[in-house]
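Please read the points below with the sequence and the model side by side. They move from the overall layout to individual residues.

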Amino acid sequence: AIEKVLRSYGGDASRLVDVCRQALVFTTVGDLVRCLEQVRQDSQVRVLRVKNRLDKQYDSALSAGYRDVAMNLVVCTDRTRRLAVDCHVCEFQLILQGFAELKSNEGHKRYVTFRNKRAE
């Protein structure tokens with residue numbers, strides 16, 4: 001995380017939004033789309049950004065061929081307000097099973113190396 005803050009965000013840690021991250025794996029695109037719709041309709045979730053790496057227009061060379069849908073969101077409930085985390089940005093990844101199977105510790109290390117070489 002520190003490396004990413006320095007490399008990508010000029011030392012501005014407030015721009016780092018994937019420290020808290022979770023992923024769901026889907027066997028079909030339809031299931032993934034239904035989940036995305038449910039999250040977007042949830043009144044207790046504020047979606048800040050959707051990065052759709054499944055879009056046909058997305059250049060997969062930018063992510064070494066990896067594809068998913070990543071959302072940055074905030075959960076706004078009485079409990080998150082009491083805990084003072086109702087402004088904490090989380091990343092929620094929706095991944096098709098084939099890509100999840102490729103995503104391993106070694107796979108992620110290769111991606112970080114790829115990203116570092118691109119200075120991202």
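1. Helices (H or I, at least four residues) and strands (E, at least two) are taken here as DSSP runs, numbered from the N terminus. The model is a predicted one, in which local features need pLDDT of at least 70 and side-chain atom pairs count only at pLDDT 80 or more, whereas totals for chains, interfaces and linings use all residues. Residues are numbered from 1 along each chain as its sequence is written, and side-chain values use heavy atoms, with hydrogens and water left out.

2. On confidence, pLDDT being the predictor's confidence in each residue on a scale from 0 to 100, the chain averages 85, and 82% of the residues score at least 70. Helix α5 (residues 105–117) has the lowest confidence in the chain, at a mean of 68, while α2 has the highest, at 97. Where pLDDT is low, the predicted coordinates should not be read in detail.

3. The chain holds five helices and four strands, and from the N terminus on its elements run α-β-α-β-β-α-β-α-α. Of the 120 residues in the chain, 29% are buried, where buried means under 20% relative accessible area, exposed over 50%, and partly exposed in between (1.4 Å probe, protein chains only). The chain exposes about 8,100 Å², of which carbon and sulfur atoms supply 52%; accessible areas come from the Shrake-Rupley method with a 1.4 Å probe, and for residues only the protein chains shown count as cover. With contact meaning heavy atoms within 4.5 Å, residues 24 or more positions apart account for 56% of the contacts in the chain that have a separation of 6 or more.

4. How do the strands pair, given that two strands count as paired if DSSP finds at least two bridges between them? Strand β1 (residues 21–26) and β4 pair in the parallel sense over six bridges, and valine 25 stands opposite isoleucine 95 in β4. Five bridges join β3 to β4, which run antiparallel; methionine 71 stands opposite phenylalanine 92 in β4, and asparagine 72 has glutamate 91 as its bridge partner there. β2 and β3 are also antiparallel, over seven bridges, with asparagine 52 partnered by valine 69 in β3.

5. Strand β4 deserves attention for its burial: seven of its seven residues are buried, so it is largely enclosed by the rest of the structure. Cys90, Phe92, Leu94 and Leu96 point one way from the strand, Glu91, Gln93 and Ile95 point the other way, and all are buried. Strand β3 is mostly covered as well, with six of its seven residues buried.

6. A nonpolar core is defined as a set of buried Ala, Val, Leu, Ile, Met, Phe, Trp, Tyr and Cys residues joined through side-chain atoms within 4.5 Å. The largest such core has 13 residues, among which Val39, Met71, Leu73, Phe92 and Leu94 touch the most other members. The elements that give two or more residues to this core are α2 (29–41), β3 (69–75) and β4 (90–96). Leaving aside residues up to four places away in sequence, leucine 73 touches Val39, Val45, Arg46, Val47, Leu48, His88, Val89, Cys90 and Phe92.

7. Rings of Phe, Tyr and Trp (its six-membered ring) are paired if their centres lie within 6.5 Å, and planes under 30 degrees apart count as stacked, over 60 as edge-to-face and the rest as tilted. By this rule the count comes to one aromatic pair. The rings of tyrosine 66 and phenylalanine 99 have centres 6.1 Å apart and planes at 80°, so the pair is edge-to-face. Because tyrosine 66 lies in the loop between β2 (45–52) and β3 and phenylalanine 99 in helix α4 (residues 97–102), the pair ties together parts that are 33 residues apart in sequence. Phenylalanine 99 is partly exposed, at 22% relative accessibility.

8. Alanine 84, in the loop between α3 and β4, has a positive phi of about 60° although it is not a glycine, and it is exposed, with a relative accessible area of 62%. Most residues other than glycine have a negative phi, and most peptide bonds are trans. Threonine 77, by comparison, is in the loop between β3 and α3 (78–82) and is buried, at a relative accessible area of 15%; its C-alpha lies 5.9 Å from that of glutamine 44, 33 residues away in sequence.

Terms used. Two strands pair if DSSP finds at least two bridges between them.
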